[in-house]
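Dear colleague,

Please find below the structure that I am handing over to you. My findings follow directly after it.

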Amino acid sequence: MDVTLRCRAYPDEETASEAWRHIEIHRQIRNHAIRDYYSHDYGNRPTAYDQHRKLTGWKQRWPLFSEVSAHAAQQTVSEIHKNVETQKGRRENGHKTGRLKWQGSGDCRSVAYQTEGFDVNHTTGQDEYATVRLSKIGNIPIRAHRELPATENIKRVVLKKERTGDWFVCLVTERPDEDLPEKPDPSTLDPADCVGVDLGILSYIHTSDDTAVDMLDLSDEYDRYGREQRKLDRKQHGSNNWEKQRQKVAAAKRQIKRKVLDYQHKLTTWLVRKYDLVAVEDLDVKPMLETSQNAKNKQDAAWSRFLDLLEYKADLHGTHVVRVKPAGTTKECSECGVETSKPLWIREHSCPACGHTEDRDLNAAKNILSRGRSQIGAGRSESTPVQTALPTGPLSVPAKRVVEAGSPEA
């Protein structure tokens, strides 16, 4: 498993200017490699190795290309072929993909070094600070907010300038599979340590043990983003004041992104620490965003990233995560299995066959858990009979109470 440490970087003005110049050169190398790739007939297009060999000739023809690290230039070319493979996989899954796009000035904002061309110096004399040396760019101080790995244990270093003007360095290391905790045998799972998660509309998630976590309130952040965007519209495009205001707009947008990401990190960490099995519905978000009148709120929920984070952290904590098909989880009764159609505005499940009545999202979460346990080979989950439980209502957790990574109930 690859683990990425993202550190804030503080290059001086001269180093930052040189780093940005290198990024622009890599953008031109990328554009030229894309043009060379698509200039060949389909089925006879060059491989990454073929274009690596062409780099020498390109440098002789355009001396500007030789001013950057040769190793980093190869990584820029390799990235193109990784993107091509990604597109191929999407086409095989039924998605429509076009060609790789030409990048304009400012579109490329990072440069990568793979296995060589960098060095990390931990002995800077300053607590919580280290220095990263990048070939042909120079030394860049970084904030070491946690213990950094040795240079020989780092697979990849990425230097990136965000649209806010801030610089970051990402250190990618590999964690051996034998160091990861072993997941429990599905046949030995205790039903109390298993949970089904329904991705809700009124709440962000609703679990099978009747815990509902509210949606984030981003109204203040969007108000700020709108104000800054209107100020930007009144500036002359390309002026110094326009650039300063553009960075304020980027900062307001980044605040929204960071708040959602932080919220998702805390929720996913709580789930994988508390349970041995987490069953969650595998939503196809793209058509939901295309047809829904509530697409903005669904996009803010970032459910696809939530599922990816959940699976990633499950490997780190030894927890099973099972994606199940969501079709019918709302209609099917969690007690008897009879399906009952109901419009979206009806928030209570009432079974005409057995008389079972409970919250619509809770019923769906129980069905998701049952499907997840069956899918992983742990058997059907145990449901509590209706006669033994009084309708006390769900445990609702406001979004503001999700303050620590340990538990949203704290």
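I begin with one residue of this predicted model. Histidine 32 counts as buried because its relative accessibility is 12%, and buried means under 20%. This histidine 32 is found in helix α1. Its side chain and that of arginine 35 are joined by a polar contact of 2.9 Å. When residues up to four places away in sequence are not counted, histidine 32 touches Trp58 and Trp62.

The largest nonpolar core has 26 residues. Those with the most contacts inside this core are Leu134, Ile137, Ile142, Leu148, Val157, Leu159 and Val169. At least two residues of the core come from each of β1 (2–9), α1 (13–38), β2 (110–114), β3 (118–121), β4 (129–134), β5 (138–143), β6 (154–161) and β7 (167–174). Apart from this core lies another one, of 21 residues, which includes Leu199, Ile205, Phe306 and Leu307.

With its neighbours within four places in sequence left aside, leucine 148 is in contact with Leu5, Cys7, Val120, His122, Ala130, Ile142 and Leu171.

Strand β7 deserves a separate paragraph. Of its 8 residues, 7 are buried, and β7 is thus mostly covered. β7 pairs with β1 in the antiparallel sense over 8 bridges, and with β6, also in the antiparallel sense, over 7 bridges. Valine 169 in β7 stands opposite cysteine 7 and opposite leucine 159.

Finally, for any work on the open space in the model, I describe the largest pocket. About 1700 Å³ of space lies in this pocket. Its lining consists of 39 residues, and those that lie nearest its centre are Arg6, Lys257, Arg258, Leu261 and Arg305. Two or more lining residues are given by each of β1, β6, β7, α4 (219–233), α5 (240–274), α7 (295–301) and α8 (303–317). Helix α5 gives the most to this lining, with 11 residues.

With kind regards

Methods: Residues are numbered from 1 along each chain as its sequence is written. This is a predicted model: local features need pLDDT of at least 70, side-chain atom pairs count only at pLDDT 80 or more; totals for chains, interfaces and linings use all residues. Side-chain values use heavy atoms; hydrogens and water are left out. A nonpolar core is a set of buried Ala, Val, Leu, Ile, Met, Phe, Trp, Tyr and Cys residues joined through side-chain atoms within 4.5 Å. Buried means under 20% relative accessible area, exposed over 50%, partly exposed in between (1.4 Å probe, protein chains only). Helices (H or I, at least four residues) and strands (E, at least two) are DSSP runs, numbered from the N terminus. Contact means heavy atoms within 4.5 Å. Two strands pair if DSSP finds at least two bridges between them. A polar contact is a pair of N or O atoms within 3.5 Å; within protein, one must be able to donate a hydrogen and the other to accept it, and residues adjacent in sequence count only if both atoms are side-chain atoms. On a 1 Å grid over the protein atoms alone, a cavity is a set of points where a 1.4 Å probe fits but cannot get out, and a pocket is an open set with protein on both sides within 12 Å along at least five of seven lines; lining residues have an atom within 4 Å of a point. Grid points are joined across faces, edges and corners, and a volume is the space filled by probe spheres set on the points.
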